[in-house]
Amino acid sequence: MASAALICDTEQWKGLQAHIGAIQKTHLRDLMGDADRCNALTAEYEGIFLDYSRQRATGETMGKLFKLAEAANLKEKIEKMFRGDKINTTENRSVLHVALRAPRDAVINSDGVNVVPEVWGVKDKIKQFSETFRSGSWVGATGKALTNVVSVGIGGSFLGPLFVHTALQTDPEAAKYAEGRQLRFLANVDPVDVARSIKDLDPETTLVVVVSKTFTTAETMLNARTLKEWIISSLGPHAVAKHMIAVSTNLKLVKEFGIDPNNAFAFWDWVGGRYSVCSAVGVLPLSLQYGFPIVQKFLEGASSIDDHFRLSPFEKNIPVLLGLLSVWNVSFLGYPARAILPYSQALEKFAPHIQQLSMESNGKGVFIDGVQLPFETGEIDFGEPGTNGQHSFYQLIHQGRVIPCDFIGVVKSQQPVYLKGETVTNHDELMSNFFAQPDALAYGKTPEQLHSEKVPESLIAHKTFQGNRPSLSLLLPSLSAYEIGQLLAIYEHRIAVQGFIWGINSFDQWGVELGKSLASQVRKTLHASRVEGKPVLGFNSSTSSLLTRYLTAEPSTPYNATVLPKV
């Protein structure tokens, strides 16, 4: 197949490769001594402050990265996304998660049709339904108001909404509107997850939201059938219509399942699963818990970053800067991982969401036209809130492998605490670490410093920190619904920038399909063996041995029994 020019064949890419040597001769101890450089390597938008002076980069590096962006036609690719061109070429789809949070009067076309009115039609329906539900007007089969919601989905139908829910739980404004309510998520097909999701819940007061675009996702639909049985066994078959609703486009299967199609909320094929939190996938369960006005603030925050990303010059464009720096770290400096370190417990589910968003988007090995790439793309993303991570894996990032770090801090805590007699507030204690850790990574500690501190010679090597480990700091003014939306959109667009530069399709996910198709074969074999006593056939010796061992073990319950998991 004839290929368009690979980005790695451009003069701009080669110029960055030639620049690596100059950077390798520098140390962040010295780079951080240049105040002009430090001031220049910052950006700010609506109170969100990015400091990337602790990256292994200079003004010259950034200039070369901006030229690389030009060579990759980054501006044009961003415009194509916003105007609805089918940039997801392998699935012939537009990529329009930005339309999910666009203002009502915006015009964003897909196949020549403005999709914004349809998006707002679904949002208006969610607003109306959530108000009816939250007011107590929507009652269950026994006439009781419903106060508990279990959202059943997987992947993008789970991780994004869970991140936002976890972040909102301790926001004072959002928490006020959630009083007396519970929102839980069920994703894993493991019956343990089912048991945990319904523990201490009463079917009489519980609404189940089934999230599946096609209403055929294997794990989601088995979990949905399990919760359906939970409801029926307690309240009878007629209760399903009052205790289960759907987020889906397959109204035929929704109706066959027993859910009233009028209680199904649509989304579209131009919304990728991992980008779907701003659709009914996230907006519906979150609105049931917090009320639509809170969720609308979240959407408005994301929309503000959409405008910033589309309109701001690259030199001050936070998602673009983050994306270019990631390309620099991965493809030129050879760092294969990235640590996401939010100094806010409210963001404890942020890294797991970004794991999927990043690695499912950019875990690709071919150019957008199918030609094998001669360089690595994507990062291994992981993370944990500070200061927990400091007592977990920071040893590795200080004295082991070099892993660029994203430090995310918040100026105003959601839950401020000050104990009389303490030196600082609890939040100040947390943020002391936020400010200290990037410098510790950048500067390290030399043997000379240790000698001056009279550290025993036998411990000098063990206590030496090489430093020169890159990081960036992202400081948010607070963590309201609006800022949570902004943070999400910053990372969504950062990941898109990386894919646009590398020339890959960040919006398909064929890599998740192979294992699912093989699992189908295993599922048939398990059924045939359990029900008909057939032998295990058609697998390699290792898989056959494992399956046989599994099948011959004494089952914990009769195979034909209907048993709901319990905790």
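Axes are lines fitted to C-alpha atoms, for helices over the stretch in contact, with angles running from 0 to 180 degrees between N-to-C directions, while helices (H or I, at least four residues) and strands (E, at least two) are DSSP runs numbered from the N terminus. The model is predicted, so that local features need pLDDT of at least 70 and side-chain atom pairs count only at pLDDT 80 or more, whereas totals for chains, interfaces and linings use all residues. Residues are numbered from 1 along each chain as its sequence is written, and side-chain values use heavy atoms, with hydrogens and water left out.

**Exercise 1.** Determine how helix α15 is oriented against helix α21.

*Solution.* Begin with the axes of α15 (residues 318–332) and α21 (residues 481–502), which come within 8 Å and cross at roughly 50°. Angles under 35 degrees count as roughly parallel, over 145 as roughly antiparallel, 65 to 115 as roughly perpendicular and the rest as oblique, and α15 is therefore oblique to α21. Next, take the contact (heavy atoms within 4.5 Å), to which α15 contributes residues including I318 and P319, and α21 residues including V497 and W502.

**Exercise 2.** Work out which strands stand at the edges of the six-stranded sheet.

*Solution.* Write down the order of this open, mixed sheet, β1-β2-β13-β12-β10-β11, where two strands pair if DSSP finds at least two bridges between them. β1 (42–45) and β11 each have a single partner strand, so one side of each lacks a neighbour in the sheet. Finally, examine β11 (residues 380–383), which pairs with β10 (residues 337–342) in the parallel sense over four bridges; among these, R338 is bridged to D381 and I340 to G383.
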